[in-house]
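Let's take a walk through this structure together. Have the sequence and the 3D view open side by side, and turn the view as you read.

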Amino acid sequence: MPKKYHITAKVTPLNLDYVYKFKIERGENCINCGRCTKVCIYEAHKRGKGDPRKMADPNTVVCRNCFRCIQECPRGALEKSLDKDFLNIGGSYWKSDMFITLWKQAEDGKVPVTGAGYRGPFTGPGFDSMWTDMSEIVRPTRDGIHGREYISTSVELGRKLNHLAFDESGKLLSKIHDTIDIPIPIIFDFPKDNLSPNVKLAIVRAAAELNTCIVLSPDHITADIKKYIKNIIPIISHKEIDRHSALIKTVRMVALDYDEEILSSLPELQDKIKKIHNVLTIVRVPATKSVEQIVSRLAKNGAEIIHVVADYCGMENDGSAGLNRRLAKDIIRAVHLKLVEDRIRDEVTIIFSGGIAMAEHVPKAMLCGADLTAIDLPLLIALGARLYEEPEKLLLFPEGLDKIAVRTVMHRVVNLMGAWHSQLLEVMGAMGIREARRLRGETGRAIFFEEIDNETFGKLFKKRETANV
Ligand code: SF4
Ligand code: SF4
């Protein structure tokens with residue numbers, strides 16, 4: 001049995017200027033009795049440093065919303081209220097509550113306990129309209145997190161053979177392609193926003209620490225980042241292969257930005273790259289309306305790995321704000337089904353990125369048909385970044401982040417992935433799936449709201465409509 005992949009989390013709070021869901025405030029009627037310092041086990045209440053007779057402002061950063069101090073204050077001087085700034089974060093896709101989850105995961109690497117007393121809807125657009133079949137959850141042996149069962153989360157990247165061919169004497173005729181294994185079905189997609197050098201280096205180091213990869217433009221590969229070159233996938237234009245030949249010699253994979261010329265010239269481009277160095281080629285394709293046709297043509301032309309990139313909310317990248325744009329779930333299913341129809345699905349690796357915001361989106365994207373996912377924004381949110389969708393995408397970093405030690409920033413990213421990895425093990429354990437690669441395209445183990453809604457009510461409403469006519 002191969003060694004178990006384990007991500008070691010380390011509690012790493014960032015005492016920066018976060019926005020929290022609730023803010024805690026101390027009123028004028030406080031008599032500085034100090035009772036709250038005793039009842040709050042998280043030490044949110046402390047006496048003032050300069051004058052210990054007076055209480056310091058409460059530290060919302062460490063508050064866990066247990067409300068104990070509020071109940072026990074003899075003067076009713078403490079108040080918790082919803083922070084309006086917090087409610088404005090995100091938008092229709094990146095919900096404000098997601099930020100709390102990601103911040104918490106990045107802090108301690110643990111699976112957050114959610115769902116108790118949940119009063120919201122159980123369905124929504126995109127990934128929220130699909131549920132996984134966790135019928136194996138009742139078996140006590142099905143437990144990857146606590147190590148009772150061996151569950152592999154590793155995935156293989158590269159071109160695979162549909163079948164093996166042998167000659168009459170039984171000699172293998174097929175050429176076995178090179179593949180690369182990574183221990184989690186997640187790679188990092190380098191965020192384009194201007195990042196401070198410590199954040200850049202920390203994210204690359206986190207990728208190396210996790211044994212995964214990061215897609216990076218050659219301009220970002222500075223001397224300190226070069227140390228992690230085996231974990232870097234440089235992204236270049238197919239016209240710049242010669243210019244980057246020295247870099248290609250040092251990496252394991254290279255990504256090409258898609259343009260129409262690649263459709264016809266891919267075999268030559270891949271050969272050209274392989275002559276420089278035996279690396280795998282990824283073609284990065286925007287998730288447009290015709291993405292499944294493009295992916296199909298690339299796969300038929302020998303593509304090894306195709307990276308389908310939706311926008312940051314997991315929507316089709318067609319440049320319009322139209323409501324008819326497909327969401328991640330439907331884009332991935334369309335790509336997967338097209339390749340199944342063409343009988344080439346098993347030959348090519350599909351990476352999907354865009355809108356992968358929460359841990360559960362990883363297994364859901366895989367169930368829809370992706371081999372693995374790529375993430376960018378959650379890496380920044382883990383560092384306390386706030387994202388606003390309206391009126392246009394805006395990402396704000398907490399002040400002082402550029403001064404935080406690389407190691408601390410790296411631990412936050414590693415913690416985040418630790419929490420996501422644990423959740424993947426939980427989902428797979430509950431589904432009775434022991435290998436992550438077996439999640440791919442297993443839609444029979446998922447329930448899609450639109451389908452059951454149509455099955456249950458479709459005929460009924462169709463009849464009514466007909467009767468009205
Ligand atoms: S318990 Fe209430 S009155 Fe006492 S120090 Fe805390 S806030 Fe002030
Ligand atoms: S609500 Fe709970 S965790 Fe927050 S400050 Fe009060 S006692 Fe501490």
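**Charged pairs, a helix and a pocket**

At 9% relative accessibility, D371 counts as buried; here buried means under 20% relative accessible area, exposed means over 50%, and partly exposed lies in between, with a 1.4 Å probe and protein chains only. Before going further, a word on the source: this is a predicted model, in which local features need pLDDT of at least 70 and side-chain atom pairs count only at pLDDT 80 or more, while totals for chains, interfaces and linings use all residues. Residues are numbered from 1 along each chain as its sequence is written, chains are lettered from A and ligands numbered from 1 in the order in which they are written, and side-chain values use heavy atoms, with hydrogens and water left out.

Which residue forms a salt bridge with D371? The partner is R345, and the closest N and O atoms are 2.7 Å apart; a salt bridge is a side-chain nitrogen of Lys or Arg within 4 Å of a carboxyl oxygen of Asp or Glu. This pair links distant parts of the chain, 26 residues apart: D371 sits in the loop between α11 (361-368) and β13, and R345 in the loop between α10 (328-341) and β12 (349-353). Helices (H or I, at least four residues) and strands (E, at least two) are DSSP runs, numbered from the N terminus. R345 also counts as buried, because its relative accessibility is 4%.

By this rule the count comes to 27 salt bridges. Another one joins K338 and D342, with 3.2 Å between the closest N and O atoms, and both K338 and D342 are buried. For a contrasting setting, turn to R437 and E435, whose closest N and O atoms are 2.8 Å apart in their salt bridge. R437 has 48% relative accessibility and therefore counts as partly exposed; E435, at 26%, is also partly exposed. Salt bridges that share partners join K289, E292, E316 and R326 into one network.

Let's stay with R326, which lies in the loop between β11 (305-309) and α10. Its relative accessibility is 19%, so R326 counts as buried. The side chains of R326 and E292 are joined by a polar contact of 3.0 Å (a pair of N or O atoms within 3.5 Å; within protein, one must be able to donate a hydrogen and the other to accept it, and residues adjacent in sequence count only if both atoms are side-chain atoms). Beyond its neighbours within four places in sequence, R326 is in contact (heavy atoms within 4.5 Å) with residues including T288, V291, G314, M315 and I331.

Now move to helix α4 (residues 96-108). Ten of its 13 residues are buried, so α4 is largely enclosed by the rest of the structure. Among the buried residues are F99, L102 and W103, along with E107 and D108. Their cover includes α3 (84-88), α12, β14 (386-388) and α13 (406-431). After α4 comes G109, with a positive phi near 70°.

Finally, look for the second largest pocket, which is lined by 46 residues, with A310, D311, Y312, C313 and M315 nearest its centre. Elements giving two or more residues to this lining are β10 (280-286), β13 (372-375) and α12 (377-381). β10 supplies the largest share, three residues.

How values were computed
On a 1 Å grid over the protein atoms alone, a cavity is a set of points where a 1.4 Å probe fits but cannot get out, and a pocket is an open set with protein on both sides within 12 Å along at least five of seven lines; lining residues have an atom within 4 Å of a point.
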